[in-house]
Amino acid sequence: MIKNILFDLGGVLIDLDREEAVHRFEALGVTDANTLLDAYVQRGIFKDLENGMLTASQFEDALAQRYEGDFSHEAVFNAVMGFFRSIPLYKFNFLNSIKDQYRLFILSNTNPYIMEYMEGNHFLPGGLSLSDCVEKVFASYRYGVMKPEKKFFEAITREVGILPEESLFIDDGKANTDAAKTMGFNVLWVENGTDWRSQVSKALALDQMNTHNK
């Protein structure tokens, strides 16, 4: 029986725009941004930021040493925000509609800039932050590990005491859902920017039906 639902962030709850992020970083002077930035797993210095090897200030210093441009916190924050194509409020309303029935978590390869914005009181209407929508947010840079590494999933199950077979993991990265599936998670792969509510509702309804028939 499904008791827990783990959501990816970018591509699932937030619609991503990689090209805009690339454009903004190139405007700052990061000439190889198109190579380093990816919709699923970042490369080089950007990967070091998401796996916790660099803090935000260390990331800014490293950019300044490597490239010419303005790499103040505000400038880099604005460039990172280029990843945000849109914030579909209906998806967060969906989370709110099921949070009394399931334990909800976020599992994301992300960085301090994204969390700075999403954990602020200007993220959602009513002054709600991302943490207000779920039981806990698991951000890669805080754990020093990234999806699809199994250690990330193991850290979650251990910390909040959930079982993979009782959990549904939703991600737009096929490598991530494949990794979770090998560990016993129920998985649902969705495409970036799509309305997956009917798919999730169907999966949960089928689970309830199968549980009832046992």
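Visitor: Where does P148 lie?
Guide: P148 lies in the loop between α8 (140–143) and α9 (150–160). Helices here are DSSP runs of H or I, at least four residues, and strands are E runs of at least two, numbered from the N terminus.

Visitor: What kind of peptide bond joins K147 and P148?
Guide: A cis one, with omega at about 10°. Most peptide bonds are trans.

Visitor: What am I looking at, and how is it numbered?
Guide: This is a predicted model, with residues numbered from 1 along each chain as its sequence is written. Local features need pLDDT of at least 70, side-chain atom pairs need 80 or more, totals for chains, interfaces and linings use all residues, and side-chain values use heavy atoms without hydrogens or water.

Visitor: Back to K147. Which residues does S108 touch?
Guide: K147 is one of them. Contact means heavy atoms within 4.5 Å.

Visitor: Is S108 buried or exposed?
Guide: Buried, with a relative accessible area of 3%. The cut-offs are under 20% for buried and over 50% for exposed, with partly exposed in between (1.4 Å probe, protein chains only). S108 sits in strand β4 (residues 103–108).

Visitor: New topic. Where is V200 found?
Guide: In helix α11 (residues 197–213). V200 is buried too, at a relative accessible area of 0%.

Visitor: Which residues is V200 in contact with?
Guide: F94, L168, I170 and L188, once neighbours within four places in sequence are set aside.

Visitor: How far is V200 from I162?
Guide: Their C-alpha atoms are separated by 19 Å. The two residues are 38 apart along the chain.

Visitor: Now α1 and α5. Which residues meet?
Guide: From α1, A21, R24, F25 and L28. From α5, A75, V76, N78, A79 and V80. That contact has seven nonpolar residues, one polar and one charged. Nonpolar covers Ala, Val, Leu, Ile, Met, Phe, Trp, Tyr, Cys and Pro; charged covers Asp, Glu, Lys and Arg; the others, Gly among them, are polar.

Visitor: What lies around the largest cavity?
Guide: Its lining has 22 residues. G10, L16, A39, E50 and N109 lie nearest the centre. By class, that lining is nine nonpolar, seven polar and six charged. The space is about 270 Å³.

Visitor: And the second largest cavity, what volume?
Guide: About 60 Å³. Its lining is F25, L37, Q42, F46, L49, E50, V80, F83 and N111. Six are nonpolar, two polar and one charged.

Visitor: Which helix gives the most to that lining?
Guide: Helix α3 (residues 44–50), with three residues.

Visitor: What about the largest pocket? Which residues line it?
Guide: L89, F92, N93, N96, K99, L124, P125, L128, D132 and C133. That makes six nonpolar, two polar and two charged. The pocket holds about 160 Å³ of space.

Methods:
1 Å grid on protein atoms, 1.4 Å probe; cavity = no way out; pocket = protein on both sides within 12 Å on 5 of 7 lines; lining within 4 Å. Points joined across faces, edges and corners; volume = space filled by probe spheres on them.
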